[in-house]
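Trainee: Could we take a close look at one part of this model together? I would like to start from a single residue and then see what surrounds it.

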Amino acid sequence: MTEVAAALIWDGDKFMICQRPADKARGLLWEFAGGKVEPGETKEQALVRECREELAITLKVGEVFMDVTHQYPDLTVHLTLFHASIQEGVPQKLEHPDIRWITADEIDGYAFCPADEEILDKLKRMK
């Protein structure tokens with residue numbers, strides 16, 4: 001199973017989503033910022049590292065918002081989504097073709113990775 005840490009980064013009533021690069025699996029679908037946990041890292045450390053590498057931001061990682069396990073045809077992911085805030089920097093498109101800030105009402109306008117569906121449903125119910 002692949003451990004993935006992701007960030008639910010809020011700015012007022014909007015949260016950040018990132019578009020996957022076209023050449024990756026599930027290319028051009030939308031997801032939360034984050035990535036795979038490397039050996040020897042905690043999920044929080046992985047999340048800080050991934051956001052620094054991909055977005056040039058420093059995160060403050062908070063509590064877990066939700067855990068999801070999803071079976072894709074090519075892998076199984078255990079996704080841990082953390083509440084997080086940007087401590088330093090402005091998000092840059094270092095890896096992602098696009099970055100957006102959306103409200104829960106706008107979720108249905110984007111094609112997300114299937115592993116995110118349960119999380120998105122929870123966000124829509126919280127309104």
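Which residues does Val-64 touch, not counting residues up to four places away in sequence?

Mentor: Happy to go through it with you. This is a predicted model, in which local features need pLDDT of at least 70 and side-chain atom pairs count only at pLDDT 80 or more, while totals for chains, interfaces and linings use all residues. Residues are numbered from 1 along each chain as its sequence is written, and side-chain values use heavy atoms, with hydrogens and water left out.

Leaving out residues up to four places away in sequence, Val-64 touches Thr-80, Leu-81 and Phe-82, where contact means heavy atoms within 4.5 Å. Val-64 sits in strand S5; helices (H or I, at least four residues) and strands (E, at least two) are DSSP runs, numbered from the N terminus. Thr-80 is 16 residues away along the chain, yet the C-alpha atoms of Val-64 and Thr-80 are separated by 6.9 Å. With a relative accessible area of 41%, Val-64 is partly exposed, on a scale where buried means under 20%, exposed over 50% and partly exposed in between (1.4 Å probe, protein chains only).

Helix H2 (residues 117-126) has Ile-119, Leu-120 and Leu-123 buried. Seen down the axis of H2, its buried residues fall within an arc of 95°, so they line one face of the helix; the arc is that of the directions from the helix axis to the C-beta atoms. The buried residues of H2 pack against strands S1 (2-11), S2 (14-19), S5 (58-71) and S6 (76-88).

Ile-119 shows this well: beyond its neighbours within four places in sequence, Ile-119 is in contact with Phe-32, Phe-65, Met-66, Val-68, Leu-79 and Leu-81. Leu-81 is also one of the residues that Val-64 touches. The largest nonpolar core has 24 residues, and Phe-15, Phe-32, Ile-107, Ile-119 and Leu-123 have the most contacts inside it. At least two residues of this core come from each of S1, S2, S5, S6 and H2. A second, separate core of 14 residues includes Ala-5, Leu-55, Leu-59 and Ile-99. Here a nonpolar core is a set of buried Ala, Val, Leu, Ile, Met, Phe, Trp, Tyr and Cys residues joined through side-chain atoms within 4.5 Å.

Asp-116 lies in the loop between strand S7 (99-102) and H2, and touches Trp-30, Glu-31, Phe-32 and Leu-79, not counting residues up to four places away in sequence. Asp-116 is buried yet has no salt bridge, and the nearest side chain of opposite charge, Arg-20, is 8.1 Å away. A salt bridge is a side-chain nitrogen of Lys or Arg within 4 Å of a carboxyl oxygen of Asp or Glu; Lys and Arg count as positive and Asp and Glu as negative, with His and the chain ends not counted.

Elsewhere such pairs do form, and the structure holds eleven salt bridges. Between S5 and S6, the loop carries Asp-74, and the loop between S2 and strand S3 (30-31) carries Arg-26; the two are 48 residues apart, and their pair links distant parts of the chain. The closest N and O atoms of Asp-74 and Arg-26 are 3.3 Å apart. Asp-74 is exposed at 52% relative accessibility, whereas Arg-26 is partly exposed at 22%. Arg-26 also has a positive phi, near 55°, in a residue other than glycine. Leu-28, in the loop between S2 and S3, likewise has a positive phi, of about 70°, although it is not a glycine.

Asp-98, buried at 15% relative accessibility, meets Lys-93 in a salt bridge at 3.8 Å, N to O, and Arg-100 in another at 2.9 Å. Lys-93 is exposed at 52%, and Arg-100 is partly exposed at 33%. Glu-38, Glu-41, Arg-49, Glu-50 and Glu-53 are linked in a network of salt bridges.

Finally, the cysteines. A search of the whole structure finds zero disulfides, a disulfide being a pair of cysteine sulfur atoms within 2.5 Å. Cys-18 is buried at 0% relative accessibility, and its sulfur is 7.5 Å from the closest cysteine sulfur, in Cys-51, too far for a bond. Cys-113, buried at 5%, has its sulfur 11 Å from the closest cysteine sulfur, in Cys-18, again too far for a bond.
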